Amino acid sequence: MKRLTRVSFARMHGSDPQLTGSQVLSIFHHSGPYLFLGAAFTTVGLISMAFAFLGRKFDAMLFWLALFAILYGQRLWLNLPFVALMFHSLRFLDLRVASNYLVPIPAFFYFDAAGFLGRSGRKIAIGLAISFLAIFVGTFLFGPLQIFDLINNLIVILSLSVLTISSLLQKQVDKDFIMVRRGIVIFVAFALYDNIAFGAFGYHPLKEPIGFAIFLGILGYVAAKRSLSRDQQFGDLQKELEIARNIQTAILPSAYPRSAHFQVAARYVPMNTVAGDFYDFVIADETQAGLLIADVSGHGIPAALIASMVKLAAASQRDSAADPAMLLSGMNSALCGNTQQQFVTAAYVYLDADSASLRYSAAAHPPMLLLRAGNVVEISENGLMLAAFSFATYSTAVYPLHPGDRLVLYTDGILEATDTDGEEFGSHRLSALLRDSALLNAEDAADHMISTLQVWSKLQNDDLTVLICDYSTAQNSIEVAA
């Protein structure tokens, strides 16, 4: 094993301080293009690094490419004779040599992230990284050694040759893959030329940066093309989501019809463009009101699709509107086995002005709230969630109705809204909010409830839906109107 003295190494790489002015000028002119390429590679790397972290999801391939470009640009600078003229410390010479051993590390992790190394890509990349790191550390401990350069060149030549052959053998019809593969072949050809020339003749002809510039240009083209494609796909997706939102809004009932006994206000605030919350007026006439609220597990498009199924299931049970337990049982039968293992919580209340009574049943849903004479009472009659168990049964609770009663149905997003400290709004605050808004009409009370929750929870983490129903006798309604 032969040790290169730092003096002989410095002379070998053109950093002998005993140089004439014309020689220095010649070195500068020779280094100029590579100084520019080093700056360009580093800049591209820094920009790519920013995009890797600033995107909606961390992009591992872009990260390793960015690190590859940065290290490559820095190594290019360190190995230029012009830069060596400005530094004569022994540690700089060690760093200059050692930098050669760091560059391949992110390159192989990039090839792994891009899928060029196959199923064992991560293990291969880690194994190669350990080898290069060992040589890097060894250079600082023992100084530049020919054996280190020999090991580095052998690993680089063999691995790049295998990579080139495997990429050429890999069957792929994707045009972007073909472009990247051509870039790899070009870069590998230049890299092999430099490594073989250095190993055979003991000098570095610096042709590889040209291949690397071509490689980065191809990757930039592919990245720009994919970015434009993603933007177009995102725009199309936004249009489709807007259509889905309009469809979902259309399945929700319009304003409750004018009634002498019932004033109903509904508020629906989805977390995303579409949501899994749902409400419906199963029956709505002068003397009867059937109010249904439901919450599908999960969020987004899957939950919204199930919510549409809930509407159909409820519509199919309209004949059972006066019997909440039977209505929920029929909905459960219709939904079981058809919701892709998503479940539904629901609550249904039937109000009858002729008998001044309410009938209530629920399926694993938060209890209904009754505001009467300034006091809030929870009404709970829960069975199992819908769409989960075909054997589920439900029961109906019957309560009298008093003039001035206010009923509130809501989804769990109301209770589980959290503030900046992670504290939930909870049932106690909801009851207090209901009491505080007792003098407001149903519409204003619903607006006040939603606005209070949005102030409490700056970042909405669930869908918000609330139904508020005020009951009055015909005589009360005439007095209020007067």
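What share of the contacts in the chain with a separation of 6 or more comes from residues 24 or more positions apart? The share is 71%, with contact meaning heavy atoms within 4.5 Å. The model is predicted: local features need pLDDT of at least 70, side-chain atom pairs count only at pLDDT 80 or more, and totals for chains, interfaces and linings use all residues. Residues are numbered from 1 along each chain as its sequence is written, and side-chain values use heavy atoms, without hydrogens and water.

The chain holds 16 helices and 11 strands, taken as DSSP runs (helices H or I, at least four residues; strands E, at least two) and numbered from the N terminus. Of its 482 residues, 47% are buried (under 20% relative accessible area, 1.4 Å probe, protein chains only).

The largest nonpolar core has 55 residues. Such a core is a set of buried Ala, Val, Leu, Ile, Met, Phe, Trp, Tyr and Cys residues joined through side-chain atoms within 4.5 Å. F262, L291, M331, Y348, L351, Y360 and L409 touch the most other members. Strand β4 (residues 344-352) gives the largest share, seven residues. Beyond its neighbours within four places in sequence, L351 contacts F262, T287, Q288, A289, S357, L358, L401, L407 and C469. A second, separate core of 43 residues includes L37, L117, V180 and V188.

Helices α6 (residues 104-113) and α7 (residues 121-142) have axes that come within 9 Å and cross at roughly 180 degrees. The two are therefore roughly antiparallel (angles over 145 degrees). Residues in this contact include I105, F108 and F109 of α6 and A125, I126 and F132 of α7.

Key
Axes are lines fitted to C-alpha atoms, for helices over the stretch in contact, and angles run from 0 to 180 degrees between N-to-C directions. Angles under 35 degrees count as roughly parallel, over 145 as roughly antiparallel, 65 to 115 as roughly perpendicular and the rest as oblique. Buried means under 20% relative accessible area, exposed over 50%, partly exposed in between (1.4 Å probe, protein chains only).
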